Amino acid sequence: MKQIKTDQDLAINGAAPAFDQPLHVGRPNMGDRETFLDYVNEIFDRRWFSNNGPCVQTFEKQLAEQLQVKHCIAMCNGTIALEIAIRALGLTGEVIVPSYTFIATAHALQWQQITPVFADINPQTHTLDSDAVRKMITPRTSGIIGVHLWGRPCDVDGLQKIADEYGLQLMFDAAHAFSCSHQGKMIGNFGRCEVFSFHATKFFNTFEGGMVATNDDELAKQIRLMQNFGFSGVDNVIYPGTNGKMNELSAAMGLTGLQSIDQFMQSNQKNYQHYQEGVANISGLSLVEYNPDEKNNYQYIVVEVSEEFPLNRDELVDVLRAENILARKYFWPGCHNMEPYCSLYPHAGLMLPMTKQLADRVMVLPTGTTMTICSLDVILNIMKKV
Ligand code: T4K
């Protein structure tokens, strides 16, 4: 382990970095290589590569079993899945979303000429604050998209109450929350529908991919129609749809990954616990906690850097990056500070004080099956010595 006795031992001050190779936050987890290659051979033999092939059908069935939900519709990525779900729900005008999320949540609305209205978050949960949501409702509001950030359920019940009271549609961006539960029920079963991402950087991936989960038969039918150009049977188009289909290779990756998903989660949990024990000894740093009574995927190691810590978040990230530890500032600076939103709504930040505060002090550390306990110790040691 690299010894850090004085400032001069830090890479930011010219010493050799702690790691020769960069440690990434989103390093993909992979299932058994042979299993995947067997699927690939079958796909080649069959010459059926896309358009609701057998791997996609089996994958969707297994996903539905895993989440105990009626319909899982596999998609080419999470962003298209969001766009299609938004359209299938008939959202128009304004939709309330957090600004503290990945930009895709907002873009999926803006892309379809729907205005994302940013509501503030609860600094404890990092997710939409229901009271803040109420303040943003106007006669043009048609829906709310809650985001289960870091895989932790947002205020599902509070948002559902508001949606019922005002006659709004409620859906969730569950991109981070595959295999997580809320009050004992798997995420995927809440709101009108929930959207997942299986991007390479997610703990469970299909290279690129996503899914919409819903218990609503009519909605599922509509989403499938939209996902496949609006085809209803051969040569019969009844809607201006798009192409949101998942291909067979991605589904094969998903089927392979599902066999190892418990191992991915155990590995994440072990890393999380190790980081937690280490961070507990460093004043000014704290780790976002996961409810032990729920199912969690522990895929994000989210650190809050308080004023007590001698460096601010940006300075700490710079120190780590110099050591080849590529910590990320997710989701700084908040969607409202990115284009086109910062030009369209330059004053949006006035309603988002908690978003600003949190976005400035959060960083995410590397985890996943490629990380060893020894490398975690090096990272913790650097943060402690700093
Ligand atoms: N909603 C939410 C709340 C989301 O977080 C996301 C995606 C979406 C919706 C949209 O879902 P998708 O349409 O993506 O399915 C990454 C991912 O690209 C993005 O999927 C994810 N959220 C977001 C949180 O993280 P970046 O801009 O950080 O990606 P990038 O290229 O910087 O990669 C992150 C790290 O992972 C890098 O250090 C490199 C490493 N990496 C990346 C890839 C692709 C690897 O080691 N191997 C790889 O194959 O957005």
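How many nonpolar, polar and charged residues does the lining of the largest pocket have? The first legend gives the answer.

The model is a predicted one, in which local features need pLDDT of at least 70 and side-chain atom pairs count only at pLDDT 80 or more, while totals for chains, interfaces and linings use all residues. Residues are numbered from 1 along each chain as its sequence is written, and side-chain values use heavy atoms, with hydrogens and water left out.

**Figure 1. Lining of the largest pocket.** By class, the lining has 13 nonpolar, 17 polar and 4 charged residues (nonpolar: Ala, Val, Leu, Ile, Met, Phe, Trp, Tyr, Cys and Pro; charged: Asp, Glu, Lys and Arg; polar: the others, Gly among them). The volume of this pocket is about 520 Å³. Ser 197, His 199, Thr 201, Lys 202 and Tyr 300 are the closest to its centre among the 34 lining residues. Helices α3 (78-88) and α4 (103-110) and strand β9 (193-197) each supply at least two residues of the lining. Helices (H or I, at least four residues) and strands (E, at least two) are DSSP runs, numbered from the N terminus. On a 1 Å grid over the protein atoms alone, a pocket is an open set of points with protein on both sides within 12 Å along at least five of seven lines, a cavity is a set where a 1.4 Å probe fits but cannot get out, and lining residues have an atom within 4 Å of a point. Grid points are joined across faces, edges and corners, and a volume is the space filled by probe spheres set on the points.

**Figure 2. The largest cavity.** The structure holds 1 cavity of 30 Å³ or more, and the volume of the largest cavity is about 40 Å³. Its lining consists of Asn 29, Met 30, Gly 31, Phe 204, Asn 205, Met 253, Gly 257 and Phe 264. These residues divide into 4 nonpolar, 4 polar and no charged.

**Figure 3. The largest nonpolar core.** This core has 46 residues, and Trp 150, Leu 365 and Met 383 have the most contacts inside it. A nonpolar core is a set of buried Ala, Val, Leu, Ile, Met, Phe, Trp, Tyr and Cys residues joined through side-chain atoms within 4.5 Å; buried means under 20% relative accessible area, exposed over 50%, and partly exposed in between (1.4 Å probe, protein chains only). Elements that each supply at least two residues include α9 (261-279), β12 (301-305) and α13 (373-385). Helix α13 gives the most, with 6 residues. Apart from this core lies another, of 34 residues, among them Leu 63, Ala 64, Phe 196 and Phe 203.

**Figure 4. Helix α7 and its surroundings.** Within α7 (residues 217-227), Leu 219, Ala 220, Ile 223, Leu 225, Met 226 and Gln 227 are buried. The buried residues of this helix pack against β2 (71-75), α3, β9 and β10 (210-214), a contact being heavy atoms within 4.5 Å. At the start of α7, a side-chain oxygen of Asp 216 reaches to within 3.1 Å of the backbone nitrogen of Glu 218. Just after the helix, Phe 229 takes a positive phi of about 60 degrees.

**Figure 5. Two loop residues, Ser 260 and Asp 155.** Ser 260 lies in the loop between α8 (248-259) and α9 and counts as buried because its relative accessibility is 11%. Asp 155 is placed in the loop between β5 (141-147) and α6 (156-166) and, at 33% relative accessibility, counts as partly exposed. Not counting residues up to four places away in sequence, Ser 260 touches Gly 31 and Asp 32, whereas Asp 155 touches Thr 127, Leu 128 and Ser 130.

Notes. Polar contact = N/O pair within 3.5 Å; in protein donor to acceptor, adjacent residues only side chain to side chain.
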